[in-house]
Amino acid sequence: MLNVLFFVSIACFFVTAFLHVAGGFFKKEGLQKAGWLALIVSTLILSVYLVARGISAGRIPMSNQFEFATFFAWGIAVMTLILHYRMKVEGIAPFAIPGVFVLLSYAALLPKDITELMPALKSAWFVSHISSAILSYSAFAIACFLGIRYLTMLRRGASPEDKAMQDLDYLSYRMIAFGFIFLTLVILTGCIWAEQAWSTFWSWDPKETWALITWIIYAIYLHLRINRKYRGKKMAVYVIVAMICVIFTFVGVNQLMPGLHSYG
Amino acid sequence: MKKIFRFLRSMKFGMLLLAVIAALSVAGTLIPQEQETQAYEAAYPVMGKVILFLGLDHLYSTWYYIGLFLLLGLSLLFCSVLRFGRIWHAKAALLAGAERADVLEGFSVSDPAAVLKKKGFRKASDRWIKNPLGLYASFVTHTALLLMLIACACVFALQEKEDYSVMVGEAVTLPDGTMIHVDAFSMEDEKSGKLEYRSDLTAVLPDQSVVSGEVRVNHPKYFGRYKVYQQSYAYAGQADIRTDEHGRDERAVLDGAAFLTLDGVNGISYMGNYGTFILTEDGQILPEGYPDAEGEMAEGYMIAILENGQQKLTLARPDETIVVGGVYYTFRAPAAYPGLRVKTIPSFALPFLYFSFALLVIGLYLCFFHIPAAAVVRGEQIALKAAGDPETVVRLLLESAENHSTKDQGDRPE
């Protein structure tokens, strides 16, 4: 039953992505409105799935790659809704929702069994560490989608001086600032947790090292943005490249570099 | 000298260091660390020697990698902490900046003070200020990073760690005389039946006081100055040995290969492996899963009996008694025992490190979500100065104020 709900949510996100991409491409307001409605429905279904899985597992479902990927997709969907309805940001859904669909499709390929938490994961730090990672990754993903949107608009002839372009640029920076604080929290809570579980704050495990590399990449972005006043196209390209690093930290490290975080 | 100092405190230098640290760290994750020298030569026939020469096989402890962090510390010290004096004047500079700023173009409201108040500005004499704490954000963040580097260096340099495998019922004596006795070890939570590694310990401290407690994964415990972690577990073979049929058993706990003998000649060679084996018809003992092997499956210890100059490989099943050279050996099921990690760390190091963690989070919050701004009201207009990302912040503040005035007055301001 749980799996059915999961696949229903994937199907819903597929339809949502189609509506947004088609609505954006053909500039049909009706399709876009239907897309937003579909996004609300899809996110609700995914939320119900996550709650049901949590109840069934007796814990927050964030303990393995499948659960993290699903939560990550949910985080992007929720942030897209917040950006649209609360901050009135337009034009991000045609990029973000296909991203959510791809992420859920990746999750679908992973083992979905509910497994008992291994002793190292039974910690008070579990929720704060993983949920910070989800918030941080989701914010970086949204920043990346905003960067893609910026470049697309630039290609279509928009000027970097346009208010809409400056808004996109600024919002992308704010999302990275938000994500950066949470990535810092991921690393710090991870250190404290590692000291309790493995007796050492830092072991240069591939996941830890790549989290540090990601942190450095975004730290450089923030310095360039704030102190060097870098704006526009360069920074849009930067956030897209930085997102590749986030994806590698999330997927690549787990698949290619065995270490202490191999269960995640 | 001045030039060097200027370069050391420059953002360019800091960014360069971060980029080099990141690039080297990538290499550190791609090249397996702390392997045998031969492993690199075999895995990287061309680059193996270069990897070894550059120390990329133990990158994180090389002098140049550690040196990069030292330089980063210096950069943080010069770029931020030594410019501490600046922050005293930051507030005055921001207010003066607002005095000098032009009024916001195309923006006019009947009550600018009310707009500023609503946007979180506080009046300071005839000027308005918002988020003044944000002026110290960069200083707090960089100081936190510097403190964190120092605290990490202290922790890594001053902590001492030792691993002990202790059988249940046995004790280990630590350098200062503290004795830690393992009372019990279990791998299952009694109530839930779930996997849970737990050691019940009793410690006799140097002052002869006795402390008891349990350690579990994620739940280490202090015994005196030692922090004890449930680190691992292992299995040891067990055998009851007696010298005559009705004599008293002596329990031998076997945590590795051993030769059990009374006369030094006849006895049992214990190889240390317990598991499920295949006993073939021709008397061979093969490991479970051996291709095309057929025979009886049985659990036990693989042993060799040495008697009268003869050697026979066989399987000792649990509770089976084997008599060799007049000695009775009864093997029992293996027993689990804990691997404990015992760590000492100077008492100041952890609070120092956690303080730097907290300071970093506060600093980052101030940096990005507490952006300071100052404003001056000129008639129905506002002159605004914001730190950090001035143009956009000013524009966004103006925008919000526009919304405010639209709401208040029913139409857009001219």
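In this predicted model, a nonpolar surface patch of about 540 Å² is made by five residues of chain B, namely Val46(B), Met47(B), Val50(B), Phe53(B) and Leu54(B). With a relative accessibility of 35%, Val50(B) counts as partly exposed.

Attention can now turn to the pairing of charges. Side chains of opposite charge can pair when their charged atoms come close. Across all chains, a search of the whole structure finds 22 salt bridges. One of the pairs in chain B joins Asp240(B) to Arg332(B), with 2.7 Å between the closest N and O atoms. Because Asp240(B) lies in strand E9 (residues 226-242) and Arg332(B) in strand E17 (residues 327-344), this pair ties together parts of chain B that are 92 residues apart in sequence. Asp240(B) is buried, at 6% relative accessibility, while Arg332(B) is partly exposed at 24%.

Another salt bridge links Asp249(B) and Arg242(B), and its closest N and O atoms are 3.3 Å apart. In this pair Asp249(B) is partly exposed, with a relative accessible area of 31%, whereas Arg242(B) is buried at 15%. Chain B also holds a network of salt bridges, in which Glu196(B), Arg198(B), Asp200(B), Glu214(B) and Arg216(B) are linked.

The side chains of Arg127(B) and Asp126(B) meet in a salt bridge, at 3.8 Å from N to O. Arg127(B) is partly exposed, with 21% relative accessibility, and Asp126(B) is exposed, with 52%. Ser125(B) has a phi near 50°, a positive value in a residue other than glycine. This serine, Ser125(B), is found in the loop between strand E1 (122-124) and strand E2 (127-130), and its relative accessibility of 57% makes Ser125(B) exposed.

Chain A has its own serine with a positive phi: for Ser199(A), which is not a glycine, the value is about 70°. Ser199(A) lies in the loop between helix H6 (163-198) and helix H7 (206-226) of chain A. In terms of accessibility, Ser199(A) is buried, with a relative accessible area of 0%.

The overall build of chain A comes next. This chain has eight helices and zero strands. Its radius of gyration is 19 Å, close to the 18 Å that the globule rule gives for 264 residues, so chain A is as compact as a globular protein of that length. Taken along the principal axes, the C-alpha atoms of chain A fill a box of roughly 55 × 50 × 30 Å. Of the 264 residues in chain A, 59% are buried.

Ala52(A) and Leu2(A) are 50 residues apart in sequence, and their C-alpha atoms are 7.4 Å apart in space. Ala52(A) has its place in helix H2, residues 29-57 of chain A, and counts as partly exposed at 27% relative accessibility.

Terms used. Residues numbered from 1 in each chain as written. Chains lettered and ligands numbered in written order. Predicted model: local features only at pLDDT ≥ 70, side-chain atom pairs only at ≥ 80, totals over all residues. Heavy atoms only, no water. Patch = residues over 30% accessible without salt bridge, like charges linked within 9 Å, V, L, I, M, F, W, Y side chains within 5 Å. Areas by Shrake-Rupley, 256 points an atom, 1.4 Å probe, with all protein chains shown as cover. Salt bridge = Lys/Arg side-chain N within 4 Å of Asp/Glu carboxyl O. Buried < 20%, exposed > 50% of the residue type's maximum accessible area, 1.4 Å probe, protein only. Helix = DSSP H or I, 4+ residues; strand = E, 2+ residues; numbered from the N terminus. Rg over C-alpha atoms; globule rule 2.2 N^0.38 Å.
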